[in-house]
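Here's a quick tour for anyone meeting this structure for the first time. Have a look at the sequence and the model, then read on.

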Amino acid sequence: MSLRTSPLHDRHVAAGAKFADFSGWSMPIEYAGGGVLAEHTAVRTAVGLFDVSHLGTGTVRGPGAAALVDRCLTNDLSRIGPGQAQYTLCCTEEGGVVDDLIVYLHGPDDVLLVPNAANAAEVFARLAAEAPDGVKVTDRHEQVAVLAVQGPRSPQVLAAVGLAADLPYMSFAGGGSVVGGDVTVCRTGYTGEHGYELLVAADRAGDLWDGLVAAGEPHGIRPCGLGARDTLRTEMGYPLHGHELSRDITPNQARAGWAVGWKKPRFWGRAALLSEKEAGPARLLWGLRASGRGIPRPGMAVLDAGGDRIGEVTSGTFSPTLRTGIGLALLDTAAGVREGAEVSVDVRGRPQPVEVVRPPFVPSHVR
(Lines give C-alpha, C1' and ligand atoms only; values in the text may rest on other atoms or scores of the structure.)
Protein backbone atom coordinates (compact mmCIF):
# COMPACT_ATOMS: atom_id res chain seq x y z
CA MET A 1 0.00 0.00 0.00
CA SER A 2 1.45 3.37 -1.03
CA LEU A 3 2.01 6.08 1.55
CA ARG A 4 -0.23 9.11 1.65
CA THR A 5 1.39 12.48 1.05
CA SER A 6 0.70 15.97 2.35
CA PRO A 7 -0.60 18.73 0.06
CA LEU A 8 2.81 20.32 0.75
CA HIS A 9 4.87 17.35 -0.40
CA ASP A 10 6.38 19.21 -3.35
CA ARG A 11 7.54 22.03 -1.03
CA HIS A 12 9.28 19.51 1.19
CA VAL A 13 11.01 17.84 -1.74
CA ALA A 14 12.23 21.22 -2.98
CA ALA A 15 13.58 22.02 0.50
CA GLY A 16 15.62 18.81 0.59
CA ALA A 17 13.52 17.02 3.17
CA LYS A 18 14.32 13.53 4.38
CA PHE A 19 11.09 11.52 4.54
CA ALA A 20 9.85 8.63 6.66
CA ASP A 21 6.67 6.63 7.07
CA PHE A 22 4.62 8.18 9.85
CA SER A 23 1.32 6.37 10.44
CA GLY A 24 0.94 5.65 6.73
CA TRP A 25 2.02 9.13 5.63
CA SER A 26 5.28 10.11 3.95
CA MET A 27 6.27 13.07 6.12
CA PRO A 28 9.45 15.16 6.48
CA ILE A 29 11.68 14.07 9.34
CA GLU A 30 14.27 16.79 8.81
CA TYR A 31 15.45 19.20 6.13
CA ALA A 32 18.75 19.77 4.38
CA GLY A 33 20.99 22.49 5.75
CA GLY A 34 20.65 21.87 9.46
CA GLY A 35 18.77 18.79 10.52
CA VAL A 36 17.00 18.12 13.80
CA LEU A 37 19.37 20.08 16.03
CA ALA A 38 19.10 23.31 14.02
CA GLU A 39 15.34 22.93 13.64
CA HIS A 40 14.86 22.29 17.36
CA THR A 41 16.98 25.34 18.21
CA ALA A 42 15.04 27.53 15.78
CA VAL A 43 11.79 26.74 17.61
CA ARG A 44 13.29 27.39 21.04
CA THR A 45 14.96 30.68 20.02
CA ALA A 46 13.15 32.05 16.93
CA VAL A 47 10.42 30.33 14.91
CA GLY A 48 9.82 27.03 13.15
CA LEU A 49 7.27 26.00 10.53
CA PHE A 50 5.86 22.46 10.59
CA ASP A 51 3.60 20.60 8.20
CA VAL A 52 1.37 18.41 10.36
CA SER A 53 -1.24 17.65 7.73
CA HIS A 54 -1.06 13.98 8.65
CA LEU A 55 -3.21 14.94 11.65
CA GLY A 56 -6.86 14.14 11.10
CA THR A 57 -9.61 16.73 10.83
CA GLY A 58 -13.31 16.12 11.09
CA THR A 59 -16.52 17.95 11.85
CA VAL A 60 -19.45 17.03 14.08
CA ARG A 61 -22.45 19.14 13.10
CA GLY A 62 -26.15 19.23 13.81
CA PRO A 63 -28.46 19.79 16.80
CA GLY A 64 -26.63 18.57 19.91
CA ALA A 65 -23.25 18.02 18.22
CA ALA A 66 -21.28 19.34 21.19
CA ALA A 67 -23.39 17.29 23.59
CA LEU A 68 -22.53 14.15 21.63
CA VAL A 69 -18.81 14.89 21.83
CA ASP A 70 -19.10 15.71 25.53
CA ARG A 71 -20.82 12.45 26.48
CA CYS A 72 -18.31 10.36 24.50
CA LEU A 73 -14.89 11.98 25.06
CA THR A 74 -13.29 12.45 28.47
CA ASN A 75 -12.91 16.18 28.99
CA ASP A 76 -15.74 18.45 30.07
CA LEU A 77 -16.79 20.76 27.24
CA SER A 78 -18.67 22.96 29.69
CA ARG A 79 -15.24 24.19 30.83
CA ILE A 80 -14.84 26.12 27.56
CA GLY A 81 -16.98 28.29 25.29
CA PRO A 82 -17.26 28.95 21.56
CA GLY A 83 -13.94 30.03 20.10
CA GLN A 84 -11.94 27.88 22.50
CA ALA A 85 -10.14 24.57 22.05
CA GLN A 86 -9.69 21.69 24.47
CA TYR A 87 -7.42 18.66 24.80
CA THR A 88 -9.40 15.47 25.35
CA LEU A 89 -9.23 11.68 25.05
CA CYS A 90 -11.23 9.01 23.28
CA CYS A 91 -11.20 5.94 25.52
CA THR A 92 -12.39 2.37 25.38
CA GLU A 93 -14.85 1.15 27.99
CA GLU A 94 -11.89 -0.58 29.66
CA GLY A 95 -10.16 2.79 30.12
CA GLY A 96 -7.51 2.48 27.43
CA VAL A 97 -6.92 5.35 25.05
CA VAL A 98 -8.01 5.05 21.42
CA ASP A 99 -6.58 8.52 20.77
CA ASP A 100 -5.88 11.94 22.21
CA LEU A 101 -7.15 14.91 20.24
CA ILE A 102 -8.03 18.60 20.19
CA VAL A 103 -11.65 19.79 20.10
CA TYR A 104 -12.44 23.16 18.50
CA LEU A 105 -15.80 24.34 19.85
CA HIS A 106 -17.56 26.61 17.34
CA GLY A 107 -20.89 26.29 19.08
CA PRO A 108 -23.41 23.78 20.47
CA ASP A 109 -24.14 22.46 16.98
CA ASP A 110 -20.68 22.72 15.41
CA VAL A 111 -17.46 21.04 16.60
CA LEU A 112 -14.17 20.43 14.81
CA LEU A 113 -11.92 17.55 15.91
CA VAL A 114 -8.19 17.11 15.26
CA PRO A 115 -7.10 13.55 16.14
CA ASN A 116 -3.88 11.74 15.28
CA ALA A 117 -3.24 10.33 11.82
CA ALA A 118 -3.37 6.64 12.69
CA ASN A 119 -6.55 6.86 14.75
CA ALA A 120 -8.64 9.50 12.99
CA ALA A 121 -10.89 7.10 11.10
CA GLU A 122 -11.67 5.08 14.24
CA VAL A 123 -12.45 8.15 16.33
CA PHE A 124 -14.86 9.42 13.69
CA ALA A 125 -16.46 5.98 13.27
CA ARG A 126 -17.01 5.63 17.03
CA LEU A 127 -18.65 9.05 17.24
CA ALA A 128 -20.79 8.40 14.15
CA ALA A 129 -22.07 5.18 15.70
CA GLU A 130 -23.30 7.17 18.72
CA ALA A 131 -24.64 10.15 16.79
CA PRO A 132 -28.38 10.84 17.07
CA ASP A 133 -30.49 11.68 14.03
CA GLY A 134 -29.55 15.05 12.63
CA VAL A 135 -25.92 14.98 13.79
CA LYS A 136 -23.39 14.21 11.08
CA VAL A 137 -19.74 13.24 11.60
CA THR A 138 -17.63 14.04 8.54
CA ASP A 139 -14.02 13.01 7.98
CA ARG A 140 -12.26 15.96 6.29
CA HIS A 141 -8.74 14.54 6.40
CA GLU A 142 -8.23 14.98 2.66
CA GLN A 143 -9.76 18.47 2.48
CA VAL A 144 -7.86 20.24 5.28
CA ALA A 145 -4.14 20.86 5.76
CA VAL A 146 -2.62 21.69 9.15
CA LEU A 147 0.47 23.85 9.62
CA ALA A 148 2.15 24.76 12.91
CA VAL A 149 4.08 27.99 13.51
CA GLN A 150 6.00 27.62 16.76
CA GLY A 151 8.52 29.72 18.66
CA PRO A 152 8.96 33.07 20.43
CA ARG A 153 8.83 35.00 17.14
CA SER A 154 5.73 33.23 15.82
CA PRO A 155 3.37 36.20 16.57
CA GLN A 156 5.42 38.46 14.31
CA VAL A 157 5.27 35.94 11.48
CA LEU A 158 1.50 35.57 11.71
CA ALA A 159 1.00 39.33 11.89
CA ALA A 160 3.16 39.74 8.78
CA VAL A 161 0.77 37.59 6.73
CA GLY A 162 -2.34 39.21 8.19
CA LEU A 163 -3.43 36.47 10.58
CA ALA A 164 -4.70 36.95 14.13
CA ALA A 165 -1.82 36.48 16.56
CA ASP A 166 -3.18 38.12 19.73
CA LEU A 167 -5.11 35.10 20.98
CA PRO A 168 -5.33 33.61 24.48
CA TYR A 169 -3.89 30.13 24.92
CA MET A 170 -6.18 27.38 23.57
CA SER A 171 -8.45 29.78 21.72
CA PHE A 172 -8.98 30.13 17.99
CA ALA A 173 -10.16 32.60 15.39
CA GLY A 174 -11.75 31.48 12.17
CA GLY A 175 -12.28 33.22 8.88
CA GLY A 176 -8.94 35.02 8.68
CA SER A 177 -8.25 35.40 4.97
CA VAL A 178 -4.74 35.18 3.59
CA VAL A 179 -3.25 34.17 0.24
CA GLY A 180 -6.71 33.80 -1.22
CA GLY A 181 -8.16 31.40 1.35
CA ASP A 182 -9.70 31.26 4.81
CA VAL A 183 -7.44 30.15 7.65
CA THR A 184 -8.41 29.09 11.17
CA VAL A 185 -5.74 30.08 13.70
CA CYS A 186 -5.51 28.29 17.06
CA ARG A 187 -3.10 29.37 19.79
CA THR A 188 -1.73 25.97 20.66
CA GLY A 189 1.01 23.56 19.68
CA TYR A 190 3.16 20.60 20.65
CA THR A 191 6.50 22.23 21.41
CA GLY A 192 6.15 24.11 24.70
CA GLU A 193 6.75 27.43 22.94
CA HIS A 194 4.36 30.24 22.09
CA GLY A 195 2.81 29.07 18.85
CA TYR A 196 -0.13 28.44 16.59
CA GLU A 197 -1.72 25.73 14.52
CA LEU A 198 -3.29 26.80 11.23
CA LEU A 199 -6.08 24.95 9.43
CA VAL A 200 -6.48 25.74 5.73
CA ALA A 201 -8.10 24.13 2.70
CA ALA A 202 -5.68 21.61 1.22
CA ASP A 203 -5.61 23.35 -2.16
CA ARG A 204 -4.49 26.63 -0.50
CA ALA A 205 -1.85 25.08 1.78
CA GLY A 206 1.04 25.67 -0.62
CA ASP A 207 0.32 29.37 -0.90
CA LEU A 208 0.07 29.69 2.87
CA TRP A 209 3.35 27.81 3.37
CA ASP A 210 5.11 30.06 0.85
CA GLY A 211 3.71 33.18 2.49
CA LEU A 212 4.85 32.10 5.95
CA VAL A 213 8.34 31.21 4.73
CA ALA A 214 8.72 34.62 3.09
CA ALA A 215 7.27 36.53 6.06
CA GLY A 216 9.38 34.55 8.51
CA GLU A 217 12.71 35.04 6.79
CA PRO A 218 13.60 38.22 8.77
CA HIS A 219 12.70 36.34 11.97
CA GLY A 220 14.91 33.30 11.36
CA ILE A 221 12.16 30.88 10.37
CA ARG A 222 13.09 27.29 9.52
CA PRO A 223 10.97 24.49 8.09
CA CYS A 224 10.96 21.76 10.75
CA GLY A 225 10.33 18.06 10.45
CA LEU A 226 8.83 15.48 12.76
CA GLY A 227 12.27 14.71 14.22
CA ALA A 228 12.42 18.12 15.89
CA ARG A 229 8.74 17.87 16.78
CA ASP A 230 9.58 14.75 18.77
CA THR A 231 12.59 16.20 20.62
CA LEU A 232 10.59 19.35 21.45
CA ARG A 233 7.56 17.47 22.78
CA THR A 234 9.75 15.07 24.78
CA GLU A 235 11.46 18.00 26.51
CA MET A 236 7.96 19.12 27.55
CA GLY A 237 6.89 15.64 28.65
CA TYR A 238 3.96 15.75 26.23
CA PRO A 239 2.52 12.30 25.46
CA LEU A 240 2.61 10.64 22.06
CA HIS A 241 -0.12 8.14 21.33
CA GLY A 242 1.34 4.66 21.05
CA HIS A 243 4.04 5.58 23.56
CA GLU A 244 2.65 7.33 26.67
CA LEU A 245 -1.01 6.71 25.81
CA SER A 246 -2.49 3.62 24.23
CA ARG A 247 -5.24 1.03 24.60
CA ASP A 248 -3.02 -0.47 27.32
CA ILE A 249 -2.06 2.83 28.99
CA THR A 250 -4.85 4.73 30.71
CA PRO A 251 -5.09 8.48 31.40
CA ASN A 252 -4.53 7.76 35.10
CA GLN A 253 -1.26 5.97 34.40
CA ALA A 254 -0.13 8.72 32.01
CA ARG A 255 -0.96 11.50 34.50
CA ALA A 256 -3.55 12.83 32.07
CA GLY A 257 -6.39 12.83 34.59
CA TRP A 258 -6.55 16.62 34.21
CA ALA A 259 -8.11 15.97 30.78
CA VAL A 260 -10.94 13.92 32.31
CA GLY A 261 -14.23 15.45 33.44
CA TRP A 262 -14.56 13.27 36.52
CA LYS A 263 -17.87 14.86 37.57
CA LYS A 264 -19.53 14.21 34.22
CA PRO A 265 -22.18 11.50 34.41
CA ARG A 266 -21.05 9.86 31.21
CA PHE A 267 -18.08 9.36 28.91
CA TRP A 268 -16.47 6.32 27.32
CA GLY A 269 -14.46 4.40 29.92
CA ARG A 270 -15.83 6.33 32.91
CA ALA A 271 -16.51 3.36 35.20
CA ALA A 272 -13.13 1.71 34.59
CA LEU A 273 -11.20 4.96 34.99
CA LEU A 274 -13.00 5.94 38.18
CA SER A 275 -12.32 2.50 39.64
CA GLU A 276 -8.62 2.71 38.75
CA LYS A 277 -8.37 6.25 40.10
CA GLU A 278 -9.85 5.24 43.44
CA ALA A 279 -7.64 2.16 43.76
CA GLY A 280 -4.53 3.93 42.48
CA PRO A 281 -2.92 2.99 39.15
CA ALA A 282 -0.41 0.15 39.13
CA ARG A 283 2.09 2.30 37.24
CA LEU A 284 2.76 5.99 36.67
CA LEU A 285 4.52 8.10 34.08
CA TRP A 286 7.77 9.76 35.16
CA GLY A 287 10.55 11.68 33.50
CA LEU A 288 14.11 10.37 33.39
CA ARG A 289 17.19 12.58 33.03
CA ALA A 290 20.48 10.88 32.26
CA SER A 291 23.29 11.39 34.77
CA GLY A 292 25.91 10.11 32.34
CA ARG A 293 26.20 9.55 28.62
CA GLY A 294 23.43 7.00 28.20
CA ILE A 295 20.30 7.95 26.26
CA PRO A 296 16.99 6.32 27.22
CA ARG A 297 15.20 4.77 24.26
CA PRO A 298 11.66 3.34 23.96
CA GLY A 299 11.38 -0.23 25.20
CA MET A 300 14.44 -0.12 27.46
CA ALA A 301 13.98 -1.56 30.95
CA VAL A 302 14.19 0.71 33.99
CA LEU A 303 15.98 -0.92 36.93
CA ASP A 304 16.06 -0.15 40.65
CA ALA A 305 19.21 -0.03 42.79
CA GLY A 306 19.16 -3.81 43.12
CA GLY A 307 18.92 -4.36 39.37
CA ASP A 308 15.26 -5.42 39.41
CA ARG A 309 13.04 -4.25 36.57
CA ILE A 310 10.53 -1.61 37.74
CA GLY A 311 9.29 -0.20 34.46
CA GLU A 312 9.93 0.62 30.84
CA VAL A 313 10.94 3.67 28.82
CA THR A 314 8.10 4.88 26.59
CA SER A 315 9.95 7.75 24.84
CA GLY A 316 13.57 8.83 24.92
CA THR A 317 15.97 11.07 23.07
CA PHE A 318 18.99 13.32 23.32
CA SER A 319 17.80 16.72 24.51
CA PRO A 320 19.29 19.44 22.29
CA THR A 321 18.47 22.05 24.95
CA LEU A 322 19.97 20.23 27.95
CA ARG A 323 22.66 18.38 25.98
CA THR A 324 21.89 15.13 27.76
CA GLY A 325 19.64 12.09 27.44
CA ILE A 326 16.02 12.37 28.62
CA GLY A 327 13.08 10.02 28.58
CA LEU A 328 9.59 9.23 29.76
CA ALA A 329 8.88 5.92 31.49
CA LEU A 330 6.04 4.02 33.09
CA LEU A 331 7.22 2.89 36.53
CA ASP A 332 5.52 0.43 38.88
CA THR A 333 3.94 2.30 41.78
CA ALA A 334 4.78 -0.66 44.04
CA ALA A 335 8.46 0.23 43.60
CA GLY A 336 7.84 3.40 45.60
CA VAL A 337 9.88 5.61 43.27
CA ARG A 338 9.97 9.28 44.19
CA GLU A 339 11.13 12.42 42.43
CA GLY A 340 14.88 12.79 42.70
CA ALA A 341 15.52 9.05 43.01
CA GLU A 342 18.38 7.51 41.05
CA VAL A 343 17.51 4.47 38.99
CA SER A 344 19.09 3.08 35.84
CA VAL A 345 18.16 2.26 32.28
CA ASP A 346 19.36 -0.95 30.66
CA VAL A 347 21.22 0.31 27.57
CA ARG A 348 22.16 -2.82 25.63
CA GLY A 349 22.95 -4.74 28.82
CA ARG A 350 24.76 -1.88 30.57
CA PRO A 351 22.87 -0.06 33.34
CA GLN A 352 23.11 3.71 32.82
CA PRO A 353 22.19 6.03 35.73
CA VAL A 354 19.19 8.35 35.38
CA GLU A 355 17.42 10.68 37.79
CA VAL A 356 13.64 10.47 38.21
CA VAL A 357 12.10 13.90 37.53
CA ARG A 358 8.75 15.50 36.84
CA PRO A 359 8.51 16.98 33.33
CA PRO A 360 8.78 19.41 31.72
CA PHE A 361 12.53 19.06 31.42
CA VAL A 362 12.84 22.67 30.24
CA PRO A 363 10.54 25.64 31.02
CA SER A 364 7.29 25.89 29.06
CA HIS A 365 6.28 29.14 27.40
CA VAL A 366 2.85 28.19 26.08
CA ARG A 367 0.66 30.38 28.29
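## Charges over rings

A charge sits over a ring if NZ of Lys or CZ of Arg is within 6 Å of the ring centre and within 35 degrees of the ring normal. Take Lys 277: its charged end sits over the ring of Trp 262, 5.1 Å from the centre. Arg 255, for its part, lies over the face of Trp 286, at 4.5 Å from the ring centre.

## Ground rules

This is a predicted model: local features need pLDDT of at least 70, side-chain atom pairs count only at pLDDT 80 or more, and totals for chains, interfaces and linings use all residues. Residues are numbered from 1 along each chain as its sequence is written, and side-chain values use heavy atoms, with hydrogens and water left out.

## Aromatic pairs

You'll find three aromatic pairs here. Rings of Phe, Tyr and Trp (its six-membered ring) pair if their centres lie within 6.5 Å; planes under 30 degrees apart count as stacked, over 60 as edge-to-face and the rest as tilted. Tyr 87 and Trp 258 are stacked, because their centres are 5.3 Å apart and their planes are at 20 degrees. Tyr 87 is buried, at 15% relative accessible area, while Trp 258 is exposed, at 56% (buried means under 20%, exposed over 50%, partly exposed in between, with a 1.4 Å probe and protein chains only).

Tyr 104 and Phe 172 make a tilted pair, 5.2 Å centre to centre with 55 degrees between the planes. Both partners are tucked away: Tyr 104 is buried at 1%, and Phe 172 is buried at 10%.
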